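Please read this report alongside the sequence and the structure shown here. It takes the two chains in turn and then the place where they meet.

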Amino acid sequence: MLNGRAPDWLIQIASSLINIAALLGVFLTLFALISVLERKILGRMQNRYGPNRVGPFGLFQPVADGIKMLIKEDIVPARADKIVHFLAPVLIAAAAILTLGVIPYGRNMTPFTIDGGILFFFAVGSATELMVFMAGWGSNNKYSMLGAMRAIAQMISYELPLIITVLPVVMIVGSLNPDKIVDVQGNYSLGFVPHWFVFTPWGATAFILFFVSGLVESNRTPFDVPEGESEIVAGHMTEYSGFKYATFFMAEYIGMFAISGLGLTLFLGGWHAPVHFLEFIPSYVWFFVKLSILLFVYIWLRGTLPRTRIDQILNFAWKFMLPMAFTCVIAAAVWHYTGRGLRGWLWSLAVIAIVYVTLSTLLDTRRKFAPRTYRFAE
Amino acid sequence: MSSVAFVIIAVLTLSAALAAATLQKLMHAALSFAVMFVGISAFFFLFGAEFVGLVQIFVYIGAVAVLIVFTILLTRYDVGKVRGFSWGGVVVAIAVFGGLVWAISKTKLVSVAPSQVEPLTVQRIGELLMTNYVWPLQCVGVLLTAALIGALILVMEEKS
């Protein structure tokens, strides 16, 4: 207590706690909002009303859902591995919330600043696989185990393109720090063209690949086979009920927020305004506007696309996503060495176009439609 | 402050390691092994080697631990069974321990004052990898590509 100031360790702990409280408050509210908005939007797309009983326009639906989840009976299977079964949802939610920490939400608004912020995001994200396995194995149920296997197979396959599409941005910026990546994208040509990476050919390609991989990592339609109801009940969540199930659900949505937040930090200029004269609007407003647009696309895709098969997903990852991701790295290098101007723009576009056309001709099998043949179910 | 943290992390890591060696169920042992990996990466963070700590989590939790649990799952039918005691394991453990002690005792201990050590930033690692260690890096790259192709050939469907 020198000079009437609190000791340093106390200040440190207090500031961490404030950061954590703010993160949890904002994103749990967003989770509640999104869960009702998603059902409303899906309802609109499928020509029906969404939830509209609780509160005005059904906006208090999450409160009702929360109470229902809390008072539901928590069933643990008799043959389950009690500790592992309990730890899986807790750890999965913890990992999802940790990844939120490194994203810059506005000017000087990064909760946890470290040198390798991007690496931190993926390191913590990659731990999720082990936790999904714990959920599947701890439940001692064949459906759970199969669901976990599927989830891990697709997560490992798409982690590769996900990380490789981040590489071009890291190469061009020369830093793994999300704040620096946002700073580099903060300039404008002619006062209205922002220097976002999505406006370069390699950036646009990488952003699309990143977005698709993000869909898979957060187990969203059209890639939600780990919980394909018609085949394996609810995948690794089969044996979970009540609040533990809600925790899985929350972790999934928070993972979705985190991956969208990282995507817009890397490619869409982070918290910068799209035109220079709109910079007076607070930076965090821009961040959340961009985040809501991305989340709307997630919901839109869910309302539009049917579920893909697991072998289609994995084939797509290894045969198309991975080569295209490598092409992005090469195209970014070409862009850098041809002067980062219009010439570099055209050269990198050429590189991507050539690889894209070659890949799609090679992968196009031009199969004729014929009666389906079964390999295992004869 | 940091010595308190050191003791806490050390106790956690060692008890996780002990649990991995003594737990009755194989799968529990594998999972506590993963906890030990987290402890080791916490050490790296404590000593300012952020990058190494992150890579430790990335590789050992994200890949090696998943590999271990899958190996157990796919090679044994009695995953849930209680394992017995084996003298062979004791011999191997003593041999490894002896080898490590021998190697450590032969090493000349270098004591450097903490202020002289530059923080190991990502930038420095990148520069060193691209200048002094570029050939080892390339060799590792070739090796890993060969491993990847080998894995693909192993699982390739044979057309008859």
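This is a predicted model: local features need pLDDT of at least 70, side-chain atom pairs count only at pLDDT 80 or more; totals for chains, interfaces and linings use all residues.

## Overall fold of chain B

Residues are numbered from 1 along each chain as its sequence is written, while chains are lettered from A and ligands numbered from 1 in the order in which they are written.

Chain B is divided into domain 1 (1-80) and domain 2 (121-160), with bounds that come from an automatic or database domain assignment, and the centres of these two domains, taken over C-alpha atoms, are separated by 25 Å. Of the 160 residues in chain B, 14% are buried; a residue is buried if 20 or more other C-beta atoms lie within 10 Å of its own, exposed if 12 or fewer, and partly exposed in between, with C-beta atoms placed from the backbone. Among the contacts in chain B between residues at least 6 apart in sequence, 56% join residues at least 24 apart, where a contact requires that the C-beta atoms of two residues, placed from the backbone, lie within 7 Å.

## Phe44 of chain B

Phe44(B) has its place in helix H2 (residues 26-46) of chain B. Because 18 other C-beta atoms lie within 10 Å, Phe44(B) is partly exposed. Not counting residues up to four places away in sequence, Phe44(B) touches Ala49(B), Val52(B), Gly53(B) and Gln56(B). Trp102(B) is 58 residues from Phe44(B) in sequence and 24 Å from it in space, C-alpha to C-alpha.

## Domains of chain A

In chain A the division is into domain 1 (1-71) and domain 2 (82-360), whose C-alpha centres lie 22 Å apart. Across this boundary, 13 residues of domain 1 of chain A are in contact with 14 residues of domain 2 of chain A. On the domain 1 side, helix H1 (8-45) and helix H2 (61-71) of chain A are the elements that give two or more residues, and the largest share, ten residues, comes from H1(A). By class, that side has ten nonpolar, two polar and one charged residues; Ala, Val, Leu, Ile, Met, Phe, Trp, Tyr, Cys and Pro count as nonpolar, Asp, Glu, Lys and Arg as charged, and the others, Gly among them, as polar.

## Helix packing in chain A

Helix H6 (residues 142-173) and helix H12 (residues 310-337) of chain A pack at an angle of about 10°, with their axes 8 Å apart. H6(A) is therefore roughly parallel to H12(A), a term for angles under 35 degrees. The contact of H6(A) with H12(A) has 22 nonpolar, four polar and one charged residues.

## Where the chains meet

Between the chains, 18 residues of chain A are in contact with 16 residues of chain B. Helix H4 (117-126) and helix H5 (128-138) of chain A each supply at least two residues of the side of chain A that touches chain B, and that side has 14 nonpolar, two polar and two charged residues.

Technical notes: Helices (H or I, at least four residues) and strands (E, at least two) are DSSP runs, numbered from the N terminus. Axes are lines fitted to C-alpha atoms, for helices over the stretch in contact, and angles run from 0 to 180 degrees between N-to-C directions. Angles under 35 degrees count as roughly parallel, over 145 as roughly antiparallel, 65 to 115 as roughly perpendicular and the rest as oblique.
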